[in-house]
Amino acid sequence: MFDVSDNVQKINLINRRLFLITAAKILVFIGITSRLFSLQVKQNNKYLTLSDKNRIREWKLHPVRGEFKDYFGNVIAGNNEVYQLHVIPEQVEDFRYIALRLKNILNLSEKEFQKILKRKREIKSWETIVVSDNLSWEQFSKVNNYLHDLVGVKTVLSISRIYPFKENYTHVLGYVSQANEKDIMNNENIKEKFVPGIRVGKTGLEKTFENTLLGENDIQRFEVNAYGRKISQLEYQRGEKGKTLRLTIDTEVQKLANELLKDQAGSICVMDIYTGHVIAMHSSPSFDPNLFVFGISKDDWQLIRNDPMKPLVNKTLQGNYSPGSTIKPIVALSALENGIINTKFTVNCRGHKHPLELYGQTYHCWKKEGHGFMNLRNAMKQSCDIYFYEIARKLGVDKLSETAKKFGLGKEVFGDLFSIEKKGLIPNTQWKKNALGQGWLLGETIITGIGQGYIQTTPIQLCLMTAHIANGGHRIYPKIVVDDENNADPIDKFIPLYSDPKNIKIVQDAMFASTNEVRGTSYKSRIDNKKYQFAGKTGTAQVKKITEKDRELDLKTFEIPYEERDHALYIAYGPYKNPRYATSIIIEHGGSGSSTAAPMAKKIFKLVIDRHNLRQSINEKKYLDV
Amino acid sequence: MLQSKFSHSLTLFQKIKNYDFVLLMSIFILGVISIFTMYSTDGGEILFHTKSHFIKFVIFFPMMIILSFINIKYWHAGGYLFYLIILGLLVWVSLYGVKASGSRRWIDLYFLNLQPSELMKIAVILCLAKFFHRIRTSNTNAFSSILISLTIIIVPTILVITQPDLGTSILISFSGLIILWFSGLKIKYFVYSFLIFITSLPFVISFLKPYQKLRILTFFDPEKDPLGSGYQIIQSKIAVGSGGLTGKGFLKGTQSYLDFLPEKHTDFIFTLFSEEFGFIGSMVLLILYTIIIYRIIHTGLISRSFFSRLFCFGFSFAIFLYVATNMSMVLGLLPIVGSPLPVMSYGGSSLLATMIGFSIVLSASIDHNQNIS
């Protein structure tokens, strides 16, 4: 049975084959080793990064928005602590029950209730549902009362925008509201810092300075597991609050402007004639921007949208108005500058019976009885239309438009600062040919001389124009944000706008007469105290053409339907002896400039000049700090 | 002298003197490592897997030592019977087995869900070693012996494929084929069958189940579906790669701790180990397996009986095959086929089978001078 030779043969064979197999095994193990080496040693960094990417998730938190302050450092758009109500479904035993409880406690509508249930289905159980992002104090205390049996519900302190002066600053600052798709698409910065529910500027300076204000997100780094559940916080990276911007506006003056325009549509702006600082800029009616922060309700929105006085329009910047007689200082100045007239030039105004006639058209003065013989000073003082028809005819529209443009009309006052700002329109022959394809008519020149016809200006332009006249014809660049590095003054600042400074003096004197001398159109609104004394020019812009019938009826303002009433305008600067501030006032359908607009100027100059020293002291303090 | 050498009964002292303590210690160290690794898969707590694995190791390791004192001739004598019992269990499983995640593999034994296919990996080696023990070299390549040996391999393979469990069936057939190789089957047969296999591969693939095809496609390009079929292998590579030279530290493997690793208790346990202990740890583990394989071969080489020799060589190859397949799989060198890492992976049947295999080897080393007639 025992076969030695076969056994030996067998063993030799098996050993030979073992050798082959062992060699193969060694090769395979070397292969595995080198694979391990390549993964773990050579490509370690790559896989370490991938592993961190797996486990580390970043959560961006709401960045804290920069504030707005007025010139004196009062917060005019700040951050307010609000209470939010969060629910984490995972911690709730019976979600429907809790949701129903909250519905009762917070008085939620059925729609909001369904929204919460829907949200719960969409998210993972450990994620947060924000039931309310702004609990009223009443709701907050009510929830806190029941908190012991609302497991999984918690109140969270958060930060939101608040505008303490409500409607006062709406048209300057604009408002913030929840970012929509368009905001995100149009602004890379918002896209980068986006967190659900982030508020971004929708209009005004809030929008213009979005990138400055936005701030940096706080970033939380969490370790998460494969299902996305947070396991532990690894790092909390503090963001940076957005930059706080200081405006040139004085809240007290701004508030006064709001008060003066109460229940009326119109605009008031006040400007420092040397620095170009906008002291006040208000458009009425306004609305409460706080309504938009948490999403405006349908009713509120309809109320604002359908208001016939158009609160959504920033009349200071967007309102294109015929300047009416407020253009007369520029017409006079242009005529003087171009040597068309001198102070002695006289025109006889003979009343409605003898209007100016040109090619069959008649041009009336506003005064039925006529002014009689008028020189420049008297014509400006009493706002005689016949006189200005005459000098406009002699001057020509092209020369007039040149002067008007130089003094700040016909282009945006703030440049790119407000996207909504209108250019107005200073017509000339070339413009009409290009825009309308027609030749300029002499009659159009004549009505341009009293600020009617094609000519259109915004209130802020009129204010700038007045400031240019008041400061003796030096170009200024209006500012609303202090230290806005993007908006440095250009170098042509010191090039005078006049050819002869005497001409400006003449116009200033005429404006003085208009306010402070008997028979001046705004004589009633004068202040005799030299400290507050101001010079101005009234304007009454026709909304519709005056027919012969209207002239005969000669109705009082309150007898005319609202939409057909004239716009009342007033431009002024003061104090006359040592001018510092300019203002422009417009009241839509307010009747005549002398009766409605000019009295407002009186109150404004009183306040602005009273606050002058305080304003100066802020500047000095700034230098002392350095 | 001669007498004692051929004596069938050794004294206890002689038995202990012959005992392969290197192998025993290596297995023990591996077991300890596996318990600690299991502890880590449970997230640093003593939970179900740790407890269960610990208990199984504590039972099976002494059992292995006890079984190793059974004379090798009884293993030889019971070879066919063992095979037939397991085969019977396989048939029983295919009819009445416990079904889990789509396949019918287990017998519920209350304390253990027995997976006969794992035991078959050993049984097929044992059976074929016995079969070829008696056959003369000249008869190895006879038609009848080839037919019988192939039947021994193919029957369980088919039974396991139908469970379905492709990974285990491949390992069973390879464990069987390696015995054929050692017993002297002509190399040309291997070459021919390899060529036939290659040419028939396209047809074989067309018979695969969709999920199996997907695994093969995923192997070639895991990035194609990183969250679906490619997820396992991508996450596994990230875990291994991020371990670096020295690893992230015990209980600090983020990939496994944060549940990014799938199947971390079983097939992917090496990934976790490698993440926490790095390249150096992996090398230690690989060297441990190499020592075990070497010691088994060594036992085969010193064995007088052809049966012991065949079994040891076959079993050493099987161990090598499990280790190589498992590691290659988790390192992205092979498609994902279910194959556990011996001793390390969670799974009682696999541990039991491996331990039985070790006890036969230990028994062969005790009785290495004994011939089996």
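Two strands are said to pair if DSSP finds at least two bridges between them, and the strands themselves are DSSP runs of E with at least two residues, just as helices are runs of H or I with at least four residues, numbered from the N terminus. In this predicted model, local features need pLDDT of at least 70 and side-chain atom pairs count only at pLDDT 80 or more, while totals for chains, interfaces and linings use all residues. Residues are numbered from 1 along each chain as its sequence is written, and chains are lettered from A and ligands numbered from 1 in the order in which they are written.

With these terms in hand, we can turn to chain B, where 3 strands in the order β1-β2-β3 form an open sheet with antiparallel pairing. Its edge strands, each of which pairs on one side only, are β1 (98–100) and β3 (113–114) of chain B. Between β1(B) and the antiparallel strand β2 of chain B, residues 103–108, there are 3 bridges, and B:K99 stands opposite B:R104 in β2(B).

Chain B also has helices that pack together. Helix α3 of chain B, residues 21–41, meets α15(B) at an angle of about 165°, with the axes 10 Å apart; here axes are lines fitted to C-alpha atoms, for helices over the stretch in contact, and angles run from 0 to 180 degrees between N-to-C directions. The two helices α3(B) and α15(B) are therefore roughly antiparallel to each other, a label given to angles over 145 degrees. Among the residues that make this contact are B:L23 and B:I27 of α3(B) and B:L272 and B:F273 of α15(B), where contact means that C-beta atoms, placed from the backbone, lie within 7 Å.

Where do the chains touch? In chain B, 35 residues are in contact with 35 residues of chain A, and α16(B) gives the most to the side of chain B that touches chain A, with 8 residues.

In chain A, strand β17, residues 535–541, has 7 of its 7 residues buried, so it is largely enclosed by the rest of the structure; a residue is buried if 20 or more other C-beta atoms, placed from the backbone, lie within 10 Å of its own. In a regular strand the side chains alternate between the two faces of the sheet. Both faces of β17(A) are covered, with A:A535, A:K537, A:G539 and A:A541 buried on one side and A:G536, A:T538 and A:T540 buried on the other. Finally, 7 bridges join β17(A) to the antiparallel strand β18 of chain A, residues 567–574, in which A:A568 is the bridge partner of A:T540.

Terms used. Two residues are in contact if their C-beta atoms, placed from the backbone, lie within 7 Å. Angles under 35 degrees count as roughly parallel, over 145 as roughly antiparallel, 65 to 115 as roughly perpendicular and the rest as oblique. A residue is buried if 20 or more other C-beta atoms lie within 10 Å of its own, exposed if 12 or fewer, and partly exposed in between; C-beta atoms are placed from the backbone.
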